[in-house]
Amino acid sequence: MTRRALPSWLLIALVLSGLLLLALGGYLGPLVRVVTTPVVRAQAAVVRYARAVGDYLRTPTDVQALRRRNQELEAQVAELQTQLALLQQQVADLELYAALLDFARAHPQHEYKTAQVIGRDPSPFLHYIIVNVGSDDGVRPGMPVVSAQGLVGQVVAVIPRAARVRLITDPTSRVSVRITPSNTEALLVGSVTGDLSLEMVPLDAEVNPGDLVVTAGLGGEYPPNILVGQVLSTRRLAHALFQEVAVQPATAFADLRVVLVIVNFRPVDIAPLVPTPGAGGP
Amino acid sequence: MRVYLGGLALLLLAVVLQSAVVAQWHLLRGTVDLPLLVWAAWVTRERRAAPPWFWALAVGAFWDLYAALPLGAGLLIYGAVGGVAQLVRGRLWQTSYLMLFALVLVGSLLTQSLSYGLVRFLMQAPIPFDAALTQVMLPTLLLNLVAALPVYAVVAEWADWVLPADNLAP
């Protein structure tokens, strides 16, 4: 009696079905792990080495491209930094001119000529600046010079395209001023260190730190009511005839870049009115 | 001709830089006297074309254009410095650095003293001598001595480029 063998496809199908059922049932997990783990590790190693080789082969072109790109970016950064510096400079200039405009609007009785500071006196004993406007621009000796903060000085010499300005901090500078709110008149003097002080302030005058100092207009050299600074400190000495008063200037003289020349002010020379010894009187 | 043009251009540039830039940098109230330093370096380096007083008078003339002191004060101040340099020329001339520092030291003292005298007595500026000494003269002297060598290095480069070989100091 012969037995008919099962067809091979049926046998394979049964085995596969069995395996599938075992897998679905979770019975093949350990076996799968054992088989696949080395395979996955081997594949990862192969990929890693393949990529390393690929990177090595591509490196020369990448470096060149990166260098080129780096140069482009560096050039771009330099250009942007230049633009940024220029824009910052323009913003600073704009703020400066806006402040000067505010000053001009606050004092509409004067006519102004804007001037840039282009130099300083080479001697450290003197406090003078050189500005880039001169007689061609209508500037004359004696004209007052102001900044957005307050009084700067006076034009003392002029050439066609430049002028020399004596700052109020110069040791030879004398400005007739008034202290508010007490309305005390005094003489503002400079010094070699650039410090400002007031002379001829009576001992009984009520002067306190923080009081404002403005031009008095006496003497005909400066128009009245231009801010000069603030009283910094006062000192009364028993044996002295006058108070010692230090003044903080309103203008930052170390940072002077742009100033205004008051071109419609003509100083008055009162020298002929000053009595001289030996002159005959009535 | 090239020596004179090169020297005069250098000295004029020094005075321009002094007015435009250096005068703003202070130690107390003293500043570097760049025209003096450039002159000292130049006459230390250049020894054939013209005597020290010639270059000193050139500095003084340029200085007069910028300074508020009466006209001619620069010629007087730097001319005096040039005269002193002429006197010591034969004694210290062989040693460049000794000559440089001697010129800077004597030149600083002389220019500051003469400037103070002119400002104090000619312009009637009431500057106390102690304030002038401590706030201006000594700081200026210190700054000049510190800046002498760097300025000399720059001027020497310029001199090497401008001057013929036989005009250069060894």
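This is a predicted model: local features need pLDDT of at least 70, side-chain atom pairs count only at pLDDT 80 or more; totals for chains, interfaces and linings use all residues.
Visitor: How many residues of H2(B) are buried?
Guide: Helices (H or I, at least four residues) and strands (E, at least two) are DSSP runs numbered from the N terminus. Helix H2 of chain B covers residues 34–45 and reaches 16 Å from its first C-alpha to its last, close to the 16 Å expected at 1.5 Å a residue (1.5 Å times one less than the number of residues). Buried means under 20% relative accessible area with a 1.4 Å probe, protein chains only. Trp39(B), Trp42(B) and Arg45(B) are among the buried residues, and the count for H2(B) is 12 of 12.

Visitor: Which residue in E11(A) is the bridge partner of Val231(A)?
Guide: Strands pair if DSSP finds at least two bridges between them. E10 (residues 227–235) and E11 of chain A run antiparallel, joined by six bridges, and form a hairpin with six residues between them. In E11(A), the partner of Val231(A) is Val247(A).

Visitor: Which residue of E11(A) stands opposite Leu198(A)?
Guide: Strand E8 (residues 196–202) of chain A is antiparallel to E11 (residues 242–249), with five bridges joining them. Opposite Leu198(A) stands Val245(A).

Visitor: Which strand gives the most to the lining of the largest pocket?
Guide: On a 1 Å grid over the protein atoms alone, a pocket is an open set of points where a 1.4 Å probe fits, with protein on both sides within 12 Å along at least five of seven lines; lining residues have an atom within 4 Å of a point. The largest pocket holds about 490 Å³ of space, and of its 29 lining residues those closest to its centre include His127(A) and Arg29(B). With four residues, the strand that gives the most is E11(A).

Visitor: How much space lies in the second largest pocket?
Guide: Helices H1 (2–20) and H3 (52–66) of chain B are among the elements that each supply at least two residues of its lining. The space in the second largest pocket is about 290 Å³.

Conventions
Residues are numbered from 1 along each chain as its sequence is written. Chains are lettered from A and ligands numbered from 1 in the order in which they are written. Side-chain values use heavy atoms; hydrogens and water are left out. Buried means under 20% relative accessible area, exposed over 50%, partly exposed in between (1.4 Å probe, protein chains only). Grid points are joined across faces, edges and corners, and a volume is the space filled by probe spheres set on the points.
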